[in-house]
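Thanks for coming, everyone. Let me put the structure up on the screen, and then I'll walk you through the parts I'd like you to look at.

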Amino acid sequence: MTTAPSAEPISLAEAKRHLNLFHDDDDVLIGGIIAAARDHVEKYCGARFASQVIEAKATCWVDMARLPVTPVTDADIEYVDTAGVVTALPDTVFELRGDGLVLKYGQSWPATQPGSLITLTAVAGFTNCPPAVKHAMLLRIEDLYENRGSVDDADWSAFDSLLSNYRFYT
């Protein structure tokens, strides 16, 4: 589960400048296209390029070794202990490693109540979107604005080459 980002990596002004637009008639449309372009790039690369809050649930600690999103910049974890009490896991027990959590030296995962879920609430996403990724988003915004229908996938070589170094395989 993910909340929408509070800010897009491409502003409306940046998108309009790239599109060479000087009117406000299509601002709502362009705003939607910006969000669609970011969503497309995030799915293509397997990474978040706008800071957003995610919530993930797991049945065991080993599932936290690889999270469904990257990069994770902050994490809060709650679990149900063996007495049935919802407990926050102190950040002295674990550390963030890009796309997962690992134990700190000398620590161990606490025991959980069988059948309960571990809940991770995390902030994921780059604080500064890389320039090549921003440019790929601008290309996608331009294409979606200018060609409001389908285009041939073969036309996306520039898009693919700009994003290839930012793909995280899942």
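Okay, confidence comes to begin with. The chain has a mean pLDDT of 87, and 89% of its residues reach 70 or more; pLDDT is the predictor's confidence in each residue, from 0 to 100. As that tells you, this is a predicted model, with local features needing pLDDT of at least 70 and side-chain atom pairs counting only at pLDDT 80 or more, while totals for chains, interfaces and linings use all residues. Residues are numbered from 1 along each chain as its sequence is written, and side-chain values use heavy atoms, with hydrogens and water left out.

Where is confidence lowest, and where is it highest? The lowest is helix α4 (residues 157–163), at a mean of 66, and the highest is helix α1 (residues 12–19), at 97. Where pLDDT is low, the predicted coordinates should not be read in detail.

Now the overall layout. We've got 4 helices and 6 strands, in the pattern α-α-β-β-β-β-β-β-α-α along the sequence. Helices here are DSSP runs of H or I with at least four residues, strands are runs of E with at least two, and both are numbered from the N terminus.

Let's look at the sheet. It is an open one of 4 strands, in the order β1-β6-β2-β3, with antiparallel pairing; two strands pair if DSSP finds at least two bridges between them. At the edges sit β1 (52–58) and β3, each pairing on one side only. From one strand to the next, the twist averages 20°, with axes being lines fitted to C-alpha atoms and angles running from 0 to 180 degrees between N-to-C directions.

Follow β2 (residues 72–80) for a moment. There are 6 bridges joining β2 to β6 (residues 118–124), and along that pairing valine 72 is opposite alanine 124, while alanine 75 is opposite alanine 122. Another 3 bridges join β2 to β3 (residues 86–88), where valine 80 faces valine 86. What do β2 and β3 form together? They form a hairpin with 5 residues between them, and glycine 84 in the turn has a positive phi of about 90°.

Back to the helices. In α1, Ala15, Lys16 and Leu19 are buried, buried meaning under 20% relative accessible area with a 1.4 Å probe, counting protein chains only. They sit on the same side of α1, because they cover an arc of only 95° around the axis; that arc is taken from the directions from the helix axis to the C-beta atoms. Their cover includes α2 (27–45) and α3 (131–146).

Is glutamate 42 buried or exposed? Buried, with a relative accessible area of 4%. Neighbours within four places in sequence aside, its contacts are Ala47, Arg48, Phe49, Ala50 and Gln52, where contact means heavy atoms within 4.5 Å.

Last, the whole-chain numbers. Of the 170 residues, 36% count as buried. And among contacts between residues at least 6 apart in sequence, 71% join residues at least 24 apart.

Notes
Buried means under 20% relative accessible area, exposed over 50%, partly exposed in between (1.4 Å probe, protein chains only).
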